[in-house]
Number of protein chains: 2
Amino acid sequence: MNIGFIGFGEVGYEMSQGFLQDGIKEIIAYDPMYDNDFVKERAKAAGVKLVANPVEVLQPEVEIVIVAVPAHHAKNAWESIHQNLTDDILCVDVSTASATVKAEIDKKLLENKGMFVDAALMGPLSVHKHKVPIIASGGGVDRFEELMTPYNMNIEKVSNIPGDATNIKFTRSIYMKGIAALLSEVLELAHELNIADRVVSSISKTMDEKPFAEIINRLITGTAIHSGRRVIELDNVIELLEEHNIAPIMTMATKEKHIAITNHGLRSKFNDKTPDDWKLVIEEMNKKVSEEIGKV
Amino acid sequence: MNIGFIGFGEVGYEMSQGFLQDGIKEIIAYDPMYDNDFVKERAKAAGVKLVANPVEVLQPEVEIVIVAVPAHHAKNAWESIHQNLTDDILCVDVSTASATVKAEIDKKLLENKGMFVDAALMGPLSVHKHKVPIIASGGGVDRFEELMTPYNMNIEKVSNIPGDATNIKFTRSIYMKGIAALLSEVLELAHELNIADRVVSSISKTMDEKPFAEIINRLITGTAIHSGRRVIELDNVIELLEEHNIAPIMTMATKEKHIAITNHGLRSKFNDKTPDDWKLVIEEMNKKVSEEIGKV
């Protein structure tokens with residue numbers, strides 16, 4: 001099997017090396033900078049054939065074309081080839097374009113023919129190359145798994161809806177980057193106070209005690225009832241951070257968020273009793289958002 | 001043994017009930033509202049003797065006096081009795097006054113005689129009563145454990161420094177409230193996008209994979225090197241939140257925090273290589289803070 005790449009940057013380069021090692025016959029790539037020496041050298045090093053026009057990528061034995069361009073070029077890339085695509089070419093978009101853009105590409109350019117895959121790369125390519133963990137959604141996702149698992153790609157199907165994979169990646173990233181930022185603020189303070197080891201062990205004990213899904217449930221349902229009191233408690237810790245010259249960036253936002261949660265009036269909606277399931281809380285909060293939008 | 005309380009609110013009421021059940025002979029309490037019907041009824045219900053003057057709490061068989069007042073009254077409370085304290089009375093402050101205030105109470109009012117305990121309550125009193133998990137520090141902490149463990153108190157000694165227990169509680173609370181706020185923002189978005197279960201299972205998988213102490217290490221050391229790139233990625237997710245009418249409160253702060261981390265220039269300090277230990281990162285960040293303060 002042959003593979004085509006639109007875009008031959010970091011992603012194309014790293015994946016191609018892995019593909020060719022694991023049995024892909026030929027890789028043809030187009031990059032707007034195809035004439036650039038750096039690009040040419042990388043293509044040569046990886047064993048990839050560079051072409052001067054995106055349509056040239058679609059050679060007879062190419063069964064899969066992968067768009068691997070910066071997010072704002074994704075639509076453009078698909079536009080440049082969509083009229084030349086045949087129904088048997090799998091169209092995989094590994095860019096970080098938004099779910100909305102990806103859904104639009106599938107609908108408007110690829111006519112929902114079931115050949116599109118929204119693929120979100122979930123790890124560092126330099127480490128994993130083509131074996132990088134991927135979550136994928138869209139009409140072509142089953143075919144993608146079928147075709148590429150034999151070449152050692154690590155694909156997890158999410159759904160048949162293009163955009164779902166990207167949305168999961170983005171939403172997950174809010175959490176991962178947020179907790180990193182939060183822990184940084186916590187440890188900066190703890191280090192200043194000479195209690196870092198104690199704080200790490202205290203937090204770890206709580207976090208390691210139960211499966212994270214249960215922790216989520218306890219935190220969200222508890223916050224629904226106690227957010228009001230916590231707003232006041234947060235003033236104490238904001239003061240403590242400031243005393244030690246640590247900007248309370250995450251902690252101020254935490255306070256603001258607890259105020260916003262309190263304003264949903266969840267405590268009275270749940271009759272002062274902690275609800276059983278975090279979904280009840282989030283549904284209630286999102287309902288309110290929708291109603292407010294409705295009112296505008 | 002008898003116990004004295006200065007302040008007979010929620011804390012005094014709940015703990016007293018438990019103490020008397022578990023063998024404490026008598027509890028004498030002073031509250032500024034000692035003449036209030038509600039306070040009188042609660043004292044009666046708990047079996048506590050109310051007195052009209054703080055000094056009256058210090059009766060001969062009282063071996064331990066517990067200050068359980070709102071944070072801003074803590075110093076005041078100790079001031080009202082400190083001249084009447086004898087060296088054999090253990091002085092326990094369970095208020096949420098700051099570490100600085102508690103250290104000052106020990107130094108200025110109790111003359112560092114080793115009888116002071118900074119006790120931080122770590123759970124809900126209504127559930128645990130006197131058995132509530134407590135972390136404690138200060139000169140009197142060993143005596144506190146010795147005296148009260150037989151009465152089923154759940155005391156964890158932290159250090160001999162008054163204030164350490166309160167600082168650990170406060171710092172820990174930044175994390176616990178912060179992660180609740182962050183998860184709320186994440187789940188509001190995930191729910192709107194119909195991917196909540198997927199997101200929970202994806203995050204849970206990552207969080208349950210390793211002990212939390214290792215996760216901390218990976219997050220802090222990785223952020224030191226990659227914070228700059230993540231600032232850009234965060235713009236994508238802020239856009240996604242806004243598209244779905246969810247205020248990006250925690251996510252904006254996450255971006256701001258990543259900018260602040262990037263400004264520390266950690267990437268070049270660690271020569272583009274992820275450091276081994278989160279402590280190296282936090283030390284570097286705090287060093288910079290101290291230097292900057294030094295420059296002012």
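This is a predicted model: local features need pLDDT of at least 70, side-chain atom pairs count only at pLDDT 80 or more; totals for chains, interfaces and linings use all residues.
**Aromatic pairs.** I counted rings of Phe, Tyr and Trp (its six-membered ring) as paired if their centres lie within 6.5 Å, with planes under 30 degrees apart called stacked, over 60 edge-to-face and the rest tilted. Tyr30(A) and Tyr34(A) have ring centres 6.2 Å apart and planes at 40°, so I noted a tilted pair. Tyr30(A) is buried at 16% relative accessibility, while Tyr34(A), at 31%, is partly exposed. (Buried is under 20% relative accessible area, exposed over 50%, partly exposed in between, with a 1.4 Å probe and protein chains only.)

Next I checked Tyr175(A) and Phe212(A), another tilted pair, at 5.8 Å centre to centre and 55° between the planes. Tyr175(A) and Phe212(A) are both buried.

**Charge over a ring.** I then looked for NZ of Lys or CZ of Arg within 6 Å of a ring centre and within 35 degrees of the ring normal. The charged end of Arg42(A) sits over the ring of Tyr13(A), 4.5 Å from its centre.

**Housekeeping.** Residues are numbered from 1 along each chain as its sequence is written, and chains are lettered from A and ligands numbered from 1 in the order in which they are written. Local features need pLDDT of at least 70 and side-chain atom pairs 80 or more, while totals for chains, interfaces and linings use all residues; side-chain values use heavy atoms, leaving out hydrogens and water.
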